[in-house]
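The sequence and the structure are shown first, and the description follows.

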Amino acid sequence: MRFSSIALRSVASSWVCVHPVTSGTGLAAWIWTAGAGSAGRFRSLWLDHCGVGDEGANEIALVRELGAESWLSLDGNGITDAGARALARSPYLDELHWLSLMDNDLSDAAKRELFERFGDAVRV
């Protein structure tokens with residue numbers, strides 16, 4: 001999945017909603033670029049039903065632009081255990097306040113790993 005034409009909702013306040021298209025920069029590069037306009041950190045990133053998949057989850061797991069007490073919503077994105085594992089093992093998501101992965105195809109083992117890492121912040 002590639003992202004370029006992106007609809008933003010109030011980047012100045014660090015609340016972001018994006019819509020995917022088929023060409024342009026990668027998701028991680030976009031998050032980094034858009035985050036630069038928000039003092040380098042997002043408070044909330046909503047990517048529900050955008051076709052993020054495991055590839056996008058892997059990119060997000062490597063992004064440092066999610067700030068303290070961030071909210072990350074990845075509902076309905078075709079994310080499987082591989083993407084969930086990447087998020088759970090990310091060295092950069094320590095301060096997530098809320099993570100939603102509802103309507104994705106996750107096994108009980110993947111859900112357990114997410115709960116072990118993020119506790120009550122997880123919605124699956």
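## Helix H3 and its surroundings

The buried residues of helix H3 pack against helix H2 (53-61) and helix H4 (108-118). Buried here means under 20% relative accessible area, exposed means over 50%, and partly exposed lies in between (1.4 Å probe, protein chains only). Helix H3 spans residues 81-88 and is mostly covered, with 6 of its 8 residues buried. The buried residues in H3 are Asp-81, Gly-83, Ala-84, Ala-86, Leu-87 and Ala-88.

The model is a predicted one, in which local features need pLDDT of at least 70 and side-chain atom pairs count only at pLDDT 80 or more, while totals for chains, interfaces and linings use all residues. Residues are numbered from 1 along each chain as its sequence is written, and side-chain values use heavy atoms, with hydrogens and water left out.

## Overall architecture

The protein contains 4 helices and 5 strands, and along the sequence these follow the pattern β-α-β-α-β-α-β-α-β. Helices (H or I, at least four residues) and strands (E, at least two) are DSSP runs, numbered from the N terminus. Of the 124 residues, 47% count as buried. The protein exposes about 6100 Å², of which carbon and sulfur atoms supply 51%; accessible areas come from the Shrake-Rupley method with a 1.4 Å probe, and for residues only the protein chains shown count as cover. Contact means heavy atoms within 4.5 Å. Among contacts between residues at least 6 apart in sequence, 66% join residues at least 24 apart.

## The nonpolar core

A nonpolar core is a set of buried Ala, Val, Leu, Ile, Met, Phe, Trp, Tyr and Cys residues joined through side-chain atoms within 4.5 Å. The largest such core has 25 residues, and those that touch the most other members are Ile-60, Leu-72, Leu-74, Leu-87, Leu-101, Leu-114 and Phe-118. The elements giving two or more residues to this core are H2, E3, H3, E4 and H4. Helix H3 provides the largest share, 4 residues.

Apart from neighbours within four places in sequence, Leu-101 is in contact with Leu-74, Asp-75, Ile-79, Leu-87, Leu-106, Leu-114, Arg-123 and Val-124. Ser-100 lies in strand E4 (residues 96-100) and counts as buried because its relative accessibility is 1%. Not counting residues up to four places away in sequence, Ser-100 touches Leu-72, Ser-73, Leu-74, Asp-75 and Arg-123.

## The tryptophan cluster

A search of the whole structure finds 2 aromatic pairs. Rings of Phe, Tyr and Trp (its six-membered ring) pair if their centres lie within 6.5 Å; planes under 30 degrees apart count as stacked, over 60 as edge-to-face and the rest as tilted. The two entries below give the geometry.

| Pair | Centre to centre | Angle between planes | Class |
|---|---|---|---|
| Trp-46 and Trp-98 | 5.3 Å | 45° | tilted |
| Trp-71 and Trp-98 | 4.8 Å | 35° | tilted |

Trp-46 lies in strand E2 (residues 42-46) and Trp-98 in strand E4, so their pair ties together parts that are 52 residues apart in sequence. Trp-71 belongs to strand E3 (residues 66-73), and its pair with Trp-98 in E4 therefore ties together parts that are 27 residues apart in sequence. Ring pairs link Trp-46, Trp-71 and Trp-98 into a cluster.

Trp-46, at 22%, counts as partly exposed, and Trp-71 counts as partly exposed at 27%.
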